[in-house]
Amino acid sequence: QLQLVESGGGLVQPGGSLRLSCAASGFALDYSAIGWFRQAPGKEREGVSCISRGGGMPKYADAVKGRFTISRDNDKNTVYLQMNSLKPEDTAVYLCAAALAVHGRCPPLGAGALYDYWGQGTQVTVSS
């Protein structure tokens with residue numbers, strides 16, 4: 001069964017850090033572009049970051065540039081999202097997704113329709 005599972009979410013104070021993980025089972029992430037998305041209550045889902053098959057030139061939403069870092073470990077079949085300097089507006093459910101039919105390149109951020117597999121999400125809450 002092809003599956004993506006996110007972990008690492010939780011409650012953190014403003015200015016704090018979290019590292020999210022996106023682990024794949026049933027398929028290898030090697031040939032996929034992997035995106036992170038988030039959805040806050042009452043808001044549309046937005047693209048946060050994406051890493052290509054080779055890991056070069058990752059994409060970031062303007063709201064997270066300089067604070068979030070995406071990386072991948074193909075040996076562990078896992079992609080990470082390091083989130084630093086967290087703000088209350090970062091509060092959301094974070095989801096990872098795999099795009100298989102894009103030759104390993106990142107789709108435009110937010111282009112959820114180009115992703116083939118999705119995880120269930122992990123809650124991130126930034127609050128004092």
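I searched the whole structure for salt bridges and found 4. I counted a salt bridge where a side-chain nitrogen of Lys or Arg is within 4 Å of a carboxyl oxygen of Asp or Glu. I was working on a predicted model, where local features need pLDDT of at least 70, side-chain atom pairs count only at pLDDT 80 or more, and totals for chains, interfaces and linings use all residues. Residues are numbered from 1 along each chain as its sequence is written, and side-chain values use heavy atoms, with hydrogens and water left out.

Entry on arginine 38. I looked up its partners. Glutamate 46 meets arginine 38 at 2.7 Å, N to O. Aspartate 90 also bridges to arginine 38, with the closest N and O atoms 2.9 Å apart. Aspartate 90 and arginine 38 are both buried (under 20% relative accessible area; exposed is over 50%, partly exposed in between, with a 1.4 Å probe and protein chains only). Glutamate 46 is partly exposed, at 33%.

Entry on aspartate 90. I found a salt bridge from arginine 67 to aspartate 90, at 2.7 Å, N to O. Shared partners join Arg38, Glu46, Arg67 and Asp90 into one network.

Entry on rings. I counted 4 aromatic pairs. Rings of Phe, Tyr and Trp (its six-membered ring) pair if their centres lie within 6.5 Å; planes under 30 degrees apart are stacked, over 60 edge-to-face, the rest tilted. Phenylalanine 37 and tyrosine 115 pair edge-to-face, 5.1 Å centre to centre, with 90° between the planes. Phenylalanine 37 is buried at 2%, and tyrosine 115 is buried at 7%. Phe37, Tyr115 and Trp118 make up one aromatic cluster.
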